[in-house]
Amino acid sequence: MSDYNLYRDPESNIGFLRQLDDNTQLAGNYQYFGIFFAIGAFLTFISLFYIPTIPISPGRFSSLSVMGSLCMLFSLVFLKGFHSCATGLLTSERRIYTLAYCGALVMTFMASMVFRNYLASLLGAIAQVILG
């Protein structure tokens with residue numbers, strides 16, 4: 001009897017169809033999650049080789065570290081969805097930490113890639129390691 005209702009009333013199937021559509025979107029998002037997470041892990045791993053050169057040139061370490069962190073953050077956005085990820089990161093308990101970490105990422109990126117400032121890049125890398 002319940003099978004008959006599924007085919008007879010198309011409006012009762014809307015929730016099922018939305019869930020089916022969400023599941024097929026998630027299958028594609030798992031691929032993007034894996035790709036971005038692997039790229040982020042690789043960039044972070046490569047940045048570890050530049051730790052001994054931080055006193056000489058902190059921009060090399062910090063630029064790779066920032067790009068790795070951003071790739072890993074984007075992978076979480078693909079996994080959970082933008083709205084869900086943003087609301088999870090901006091809860092009242094995590095808001096200050098999230099804003100400080102994003103500020104450290106932006107400061108480090110701007111200092112190492114745009115301004116090429118030694119001291120700001122070093123401070124950004126230190127802040128990113130402490131907050132990350």
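## Glycine 28

Glycine 28 counts as partly exposed, because its relative accessibility is 23% (buried means under 20% relative accessible area, exposed over 50%, partly exposed in between, with a 1.4 Å probe and protein chains only). Its place is in helix α2, which covers residues 14–48; helices are DSSP runs of H or I with at least four residues, numbered from the N terminus. Glycine 28 and phenylalanine 78 are separated by 50 residues in sequence, while their C-alpha atoms are 9.2 Å apart.

## Basis of the values

This is a predicted model, in which local features need pLDDT of at least 70 and side-chain atom pairs count only at pLDDT 80 or more, while totals for chains, interfaces and linings use all residues. Residues are numbered from 1 along each chain as its sequence is written, and side-chain values use heavy atoms, with hydrogens and water left out.

## Aromatic pairs

The structure has 5 aromatic pairs. Rings of Phe, Tyr and Trp (its six-membered ring) pair if their centres lie within 6.5 Å; planes under 30 degrees apart are stacked, over 60 edge-to-face, and the rest tilted. Phenylalanine 45 and phenylalanine 49 form an edge-to-face pair, because their planes stand at 80°, with ring centres 5.1 Å apart. Phenylalanine 45 is partly exposed, at a relative accessible area of 47%, whereas phenylalanine 49, at 55%, is exposed.

Tyr32, Phe36 and Phe78 are linked into a cluster by ring pairs.

## The largest pocket

The volume of the largest pocket is about 850 Å³. A pocket is an open set of points on a 1 Å grid over the protein atoms alone, with protein on both sides within 12 Å along at least five of seven lines; lining residues have an atom within 4 Å of a point. Grid points are joined across faces, edges and corners, and the volume is the space filled by probe spheres set on them.

Of the 31 lining residues, Ser69, Leu73, Leu89, Tyr101 and Leu105 lie nearest the centre. Two or more residues each come from α2, α3 (58–80), α4 (82–89), α5 (95–115) and α6 (118–131). α3 gives the largest share, 11 residues. The lining divides into 21 nonpolar, 8 polar and 2 charged residues (Ala, Val, Leu, Ile, Met, Phe, Trp, Tyr, Cys and Pro are nonpolar, Asp, Glu, Lys and Arg charged, and the others, Gly among them, polar).

## Helix α3

From first to last C-alpha, the 23 residues of α3 reach 33 Å, close to the expected 33 Å (1.5 Å times one less than the number of residues). Its buried residues include Phe61, Leu64, Val66, Ser69 and Cys71. Glycine 81 follows α3 and has a positive phi, near 95°.

How values were computed:
1 Å grid on protein atoms, 1.4 Å probe; cavity = no way out; pocket = protein on both sides within 12 Å on 5 of 7 lines; lining within 4 Å.
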